[in-house]
Amino acid sequence: MTTVQLDHVSKSFGPVRVIEDVSLTIEPGKVHVLLGENGAGKSTLIKMVAGIHRPDSGRILVDGEPVHISDPRAAEALGIATIHQELNLVPSLSIAENVVLGRFPTHLGVLSRPRARSIAREALDAVGLPLDVDTPVGRLGIAQQQLVEIAKALSVNSRVLILDEPTAALTGREIEQLFTIMHRLKERGVAMAFISHHLDEIPLVGDVVSVLRDGHLVAQVPPDTPEPELVKLMVGRPIDQQFPPRQAQLGEELLQVEGLSSAGKFSDISFTVHAGEVVGLAGLMGAGRTEVIRALAGVDRYDAGSVRVAGRRLKRGRVANSIAAGLGHVPEDRKQQGLVLGGSIWENLGLATLFSSAHLGIPDRRGQRARARSVSERLRIRMHSIDQRVRDLSGGNQQKVVFGRWVLAGSKVLLLDEPTRGVDVGAKVEIYELINAVVEGGGAVLMASSELPEVLGMSDRILVMSEGQITGEMPAAEATQDAVMTLAVKNVNNAEIGA
Ligand SMILES: Nc1ncnc2c1ncn2[C@@H]1O[C@H](COP(=O)(O)OP(=O)(O)OP(=O)(O)O)[C@@H](O)[C@H]1O
Ligand SMILES: [Mg+2]
């Protein structure tokens with residue numbers, strides 16, 4: 001049994017104070033929830049326990065003893081495992097290699113591949129992920145990668161487990177599975193810290209909630225605190241309208257998809273999205289939503305069918321052609337596909353307009369910067385300056401940068417794949433308002449989301465996918481969670497659902 005105490009810790013990056021005099025205790029057999037807006041300092045705080053950042057002042061105590069956690073290995077030696085917000089797997093390595101990375105098992109001094117495989121298999125079983133451990137991680141979707149990351153952390157038998165937004169990339173069934181595991185770990189006396197922007201998860205696993213605002217610990221409350229109360233503590237004001245209303249006129253068919261098929265991914269996908277319309281794309285993990293969106297965006301090729309934007313047929317698998325036609329794509333995995341992490345905020349915001357705004361091949365630096373500044377203000381991206389590297393933004397603020405690029409580009413058709421993943425409750429409303437502004441301005445939005453309330457609350461019409469096909473369509477006004485779920489499990493064989 002291990003207790004971790006943060007004792008008056010503070011942390012600055014350059015001149016900016018990010019954590020200010022925070023004290024809290026992570027106790028054995030308890031889940032300590034950290035709550036706060038994007039950029040409040042949650043990840044920075046737990047990175048001090050994980051050995052990634054060192055506090056400028058204050059102490060960290062493990063079982064009452066002050067410790068210096070100089071690097072991640074030192075944290076591991078203290079029995080502390082961390083699942084970071086951004087995935088840390090090596091895409092080209094297999095699942096087995098990733099699970100044992102950094103501690104490859106040996107047999108009589110020789111690296112043991114069979115042993116690595118069996119460790120990985122056991123770890124995957126624990127999270128209910130029936131995959132071949134020789135599969136390269138890069139071939140997995142983001143939810144599966146997240147489960148591998150969780151399996152990896154669990155396989156080291158830690159006494160302290162830190163989970164930074166583990167549920168952001170997961171859907172209902174996997175989240176339940178994770179919570180079952182967390183309850184088992186509680187019984188075994190593991191001390192846990194848990195970060196999530198899904199407030200409904202807090203009473204299910206939490207024991208105590210610490211609320212951070214601008215790096216300060218502003219409150220410590222029980223897990224059954226009503227959500228509006230939690231929101232007020234986090235944001236400093238109540239949020240009364242989760243899904244802001246919009247007034248959009250339905251216009252012409254802006255996006256026309258006909259008979260789109262891609263072997264092994266999806267087949268015969270046909271639908272349209274009108275100007276002024278938000279169409280929600282619902283389905284379970286693996287239903288093919290991301291694959292369809294990637295094909296529409298020009299990221300992947302497809303075998304048959306056509307995609308038209310404002311009547312103009314797009315070339316297959318050509319991102320630049322799709323962008324030029326007015327498509328904007330917010331991918332499910334911002335780190336791998338959406339951002340140049342080493343680049344600045346303004347460069348990232350301007351990626352889609354770099355060429356179109358240039359004169360005689362010379363980039364319009366000043367214009368790009370000015371536009372980036374105004375978009376980042378509109379999106380309330382929390383940063384010190386637009387020259388800051390995107391890598392140093394908090395996760396939710398990185399998501400806003402990906403979104404902001406297409407706002408800046410004035411895209412007519414937005415393809416959004418989990419647009420509010422990792423975004424805090426207040427910033428979600430800001431993103432919804434932007435979606436509204438796009439359709440009110442005559443644009444069209446296709447939005448895939450695993451959050452059913454979001455699909456129901458934001459869409460005009462809902463398409464449901466299952467096993468690579470569209471299994472149903474309904475106006476959002478008539479849709480219920482049950483109706484959507486029934487269509488989402490159509491075609492799925494029952495053995496799989498029960499698993
Ligand atoms: N390495 C770094 N260099 C400079 N600034 C940083 C660095 N890491 C974090 N920051 C800044 O510290 C602040 C807190 O970031 P942190 O990642 O802890 O937020 P968070 O609460 O985890 O937010 P989110 O919910 O979006 O994940 C942010 O303003 C961020 O830009
Ligand atoms: Mg974070």
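Which residues coordinate the magnesium ion (ligand 2)? I started my notebook with that, keeping in mind that this is a predicted model.

**Entry: the metal**
I looked at the magnesium ion and found Ser-43 (OG) and Gln-85 (OE1) coordinating the metal, at 2.0 to 2.2 Å. Next I asked where these residues sit. Ser-43 belongs to helix α1, while Gln-85 is in the loop between β6 (80–83) and α3 (95–100), so the pair ties together parts that are 42 residues apart in sequence. Are the two buried or exposed? I checked, and both Ser-43 and Gln-85 are buried.

**Entry: around ligand 1**
I moved on to ligand 1. There are 19 residues around ligand 1. Gly-39, Lys-42, Thr-44, Ser-394 and Gly-396 come nearest. I sorted the shell by type and got 11 polar, four charged and four nonpolar residues.

I followed the oxygen atoms of ligand 1. One lies 3.0 Å from an N or O atom in the side chain of Asn-38. For the side chain of His-197, the distance from a ligand oxygen to an N or O atom is 2.9 Å. How much of ligand 1 does the protein bury? Taken alone, ligand 1 exposes 650 Å², and the protein buries 89% of that.

**Entry: where the shell comes from**
I traced the shell back to the helices. α1 (42–49) and α14 (395–409) each supply at least two of its residues. Helix α1 gives the most, with three residues. I also checked the domains. Domain 1 (4–235) and domain 2 (253–498) each provide at least three residues of the shell around ligand 1.

Terms used: Residues are numbered from 1 along each chain as its sequence is written. Chains are lettered from A and ligands numbered from 1 in the order in which they are written. This is a predicted model: local features need pLDDT of at least 70, side-chain atom pairs count only at pLDDT 80 or more; totals for chains, interfaces and linings use all residues. Side-chain values use heavy atoms; hydrogens and water are left out. A residue is near a molecule or strand if one of its heavy atoms lies within 4 Å of it. A polar contact is a pair of N or O atoms within 3.5 Å; within protein, one must be able to donate a hydrogen and the other to accept it, and residues adjacent in sequence count only if both atoms are side-chain atoms. Accessible areas come from the Shrake-Rupley method with a 1.4 Å probe; for residues, only the protein chains shown count as cover. Helices (H or I, at least four residues) and strands (E, at least two) are DSSP runs, numbered from the N terminus. Ala, Val, Leu, Ile, Met, Phe, Trp, Tyr, Cys and Pro count as nonpolar, Asp, Glu, Lys and Arg as charged, and the others, Gly among them, as polar. Domain bounds come from an automatic or database domain assignment. Donors are N, O and S atoms within 2.8 Å of the metal (3.2 Å for Na, K and Ca); water is not among the atoms, so sites may look incomplete. Buried means under 20% relative accessible area, exposed over 50%, partly exposed in between (1.4 Å probe, protein chains only).
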